[in-house]
Amino acid sequence: MGETPRVHMPPKGTPTTGTHTLSRWLRESISWREVVLQRVIRVLCGVVPWVALTMSSAPAQDWRPVRVARDSEGWPHFFEVWREDRESYSSTVLSGYANLAFTFPLDETRGVLDDLSKNHGNFTRLWVGAGDGFSAYRFDAVQRKVDLDHWNDDFFDRLDLILSEAEKRGVVVEVMLWDRCTWWIGGGLSTPESWRKGIGHDRGQNPFHPDNHYRSSVDGKPVPGVVMKDTRRIEADPFYNTENDTWMVYQKRYMSRILEVLKHHNNVTVELINEAPATKAATDWRKYMHTWLKSEYPDLLVQSESLGADRDLASWGRDHPGRVDMTASHDDWSYDSAQAFYHKYKGVLPGCNEYIHQDLTDMSRCRRMMWGLTMGGGASWNENITPPNGSILTQEIHRFFNPEHDSPRIGLLRPAKDRIIDNDGSKYVLAPDDASEILVYISEESGAEPFKARGIGSCRFRWFTCAGKDSVWGDWDKCDTGAFTPPTAPCGLQIRLDEKSF
C-alpha cells in the first residue's frame, strides 16, 4: 500500500456536507464558542490568561497505556504492557532498534515495523513535530501562516494510522511531543507539498515561530512573548517560559490533541522532549510539563531527555515520586552505569536514544550497551545501531526473557550486581529481593572463568546460548555449591532455588 490520499480542508466559509465534514465543523464550532466566551470575559473583566478557557483532556477510562511496573515502595520492575488476549497487563522487557519519522512514506513505516516484529523488537520511537508535512494546524496559503486555533485533522489521522500499524505488530511506540532540533525559522511558510517535506523546510519549519502563525481568536496576532531570532535549535529561554500563561495554554493544547489520538492505543509511551538544552529555563519547563502530564495522564509512561541535564531531572524525579518515569541520554551505557543510575535515582529508569559517538558496527560494544541497559533495569533502544546488530540483539534479549518454559519473574527483578561475588561489572545480574531467582548475562569481557553466586547453595540452573535468532536455553541441571563455570562467553544463566520458593 502507498500513501493515504490526503483530504484537503475547505477554506473558511465554504459550505460543506458529509459526516466527516460535519464532525470537523462541530469541533471547530467548539473553538468558535471558546472565542466568543473569551471576548465576553475580556469585556467584563479585561484581558485574562487564556488558560481559563482550556478544557480538560482526561483519558478515557478504558485506555491502558504502557506503564512502569512498581512495587509498594516505588521501585520499578521493568514495564507492563496491556495484553488484549489476556485482558490484563503483562510484565515486559522493552528493547528495539531503528526509529520512525512522521514524514516517512507509509510503506517505509510498515517496513521498519515489519522488521522489528520479525526480530522480536517491541520498542521504537516516533519523531513527530507540529510542522511536519501538512502541519498539525490549518494552513492559510494567502498569509503563509497556520491558524493555531484550528487543527488539521489529517495530521492526527496520520498519527492514528502509524500507531495502529505498530499496534498490530506488537510494537510499543514512544511518541515524541517536542524536539529541540526543530527549526525555528520565521518569514512565513511555503505551501506544503507532501508529508515527506516539512512546511518551509525539510526538518519542518516551526509553526510556533511568531512569523508563521496567527490566532484567529485574538485578531490574528501571534502568541505573545515568544519572539526569537531564527535558529536551528529551540534553545532560547522564552520557549521554556512557564510564566507565559498564553504560551503554556497553546503548548498544552497541542500535547492534549496528540494525547487524544494516543488514548485510542495501548501501545504508547511519550517522550516529553528530545535533547532539551541544559539551561535552567528548560529544566524548569521539563519539571513543569512532567507534573502537568502526570496529573492529566497518571498511568502514561513519560520520558524526557536533554543534553547535559538528565541527572538534574532524575534527582528531581526521585524526590518527586511518580512524575518522571525515565530519562534518556546519548551515553555509551554499560551494565555498571545503568544499574548505578537505577539505584541512585530510585523510581526513574535509565534509557537510551541516539548513541552515535562510536562505531556501532562493533558487536561487542552493541552488546555491552543493549544488554547492559536491559539488565541495568532500563529500556534498550538505539536508532543508530548498525544492521544487523540491532536485530541480532533484540532476538537474543527476547529469547532470554521469554523462554518456552520456566519464564523469569520479570515483574520482581531488578539490578543486583553483588549477587555475584567479586563482580567487576562484567556479569550483568537481575534478581528479586529474596534472590530466589537470579538471571546473569556473562559478557565477553568476563570470559568463561568460574564464579560464585552469593548465598546460593543447592539450586537448579541452566545456560543460555547467545546466537541471535538461534539463541536457546539449555536443560536444567543441579548445583550444590553455588559455583558456576560458563561454557562460553557471552552467554546467560538462570539460577533457581527450591521450587517451594515460587
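The dialogue below goes through a predicted model of one protein chain and asks how its features get their names.

Student: How many helices and strands does the protein chain have, and what makes a stretch count as one?
Tutor: The protein chain has nine helices and 24 strands; these are DSSP runs numbered from the N terminus, a helix being H or I over at least four residues and a strand being E over at least two.

Student: Why is Q251 called buried?
Tutor: Buried means under 20% relative accessible area, exposed means over 50%, and partly exposed lies in between, with a 1.4 Å probe and protein chains only. Q251, placed in helix α4, has a relative accessible area of 0%, and therefore it is buried.

Student: Why does E275 count as buried, whereas D406 counts as partly exposed?
Tutor: E275 has 8% relative accessibility, so it counts as buried, and D406 has 31%, so it counts as partly exposed. E275 is in the loop between β11 and α5, and D406 is in the loop between α9 and β16.

Student: Which residues does Q251 touch, and what makes that a contact?
Tutor: Contact means heavy atoms within 4.5 Å, and, not counting residues up to four places away in sequence, Q251 touches W178, F239, W285 and M289. Q251 and W178 are 73 residues apart in sequence and 9.6 Å apart in space, C-alpha to C-alpha.

Student: What makes the link between Q251 and W285 a polar contact?
Tutor: A polar contact is a pair of N or O atoms within 3.5 Å, where, within protein, one must be able to donate a hydrogen and the other to accept it, and residues adjacent in sequence count only if both atoms are side-chain atoms. The side chains of Q251 and W285 are joined at 2.8 Å, and those of H150 and D147 at 2.7 Å, so both pairs fall within the 3.5 Å limit.

Student: What makes a group of residues a nonpolar core, and which members touch the most others?
Tutor: A nonpolar core is a set of buried Ala, Val, Leu, Ile, Met, Phe, Trp, Tyr and Cys residues joined through side-chain atoms within 4.5 Å. The largest one has 130 residues, of which W178, Y254, L262, W371, M375 and F484 touch the most other members. Helix α4 gives the most to this core, with nine residues.

Student: How do you know whether a space is a cavity or a pocket?
Tutor: On a 1 Å grid over the protein atoms alone, a cavity is a set of points where a 1.4 Å probe fits but cannot get out, whereas a pocket is an open set with protein on both sides within 12 Å along at least five of seven lines; lining residues have an atom within 4 Å of a point. Grid points are joined across faces, edges and corners, and a volume is the space filled by probe spheres set on the points. The largest pocket holds about 770 Å³, and the largest cavity about 90 Å³. The 13 residues that line this cavity include G129, A130, W178, T182 and N206, the closest to its centre.

Note on methods:
Residues numbered from 1 in each chain as written. Predicted model: local features only at pLDDT ≥ 70, side-chain atom pairs only at ≥ 80, totals over all residues. Heavy atoms only, no water.
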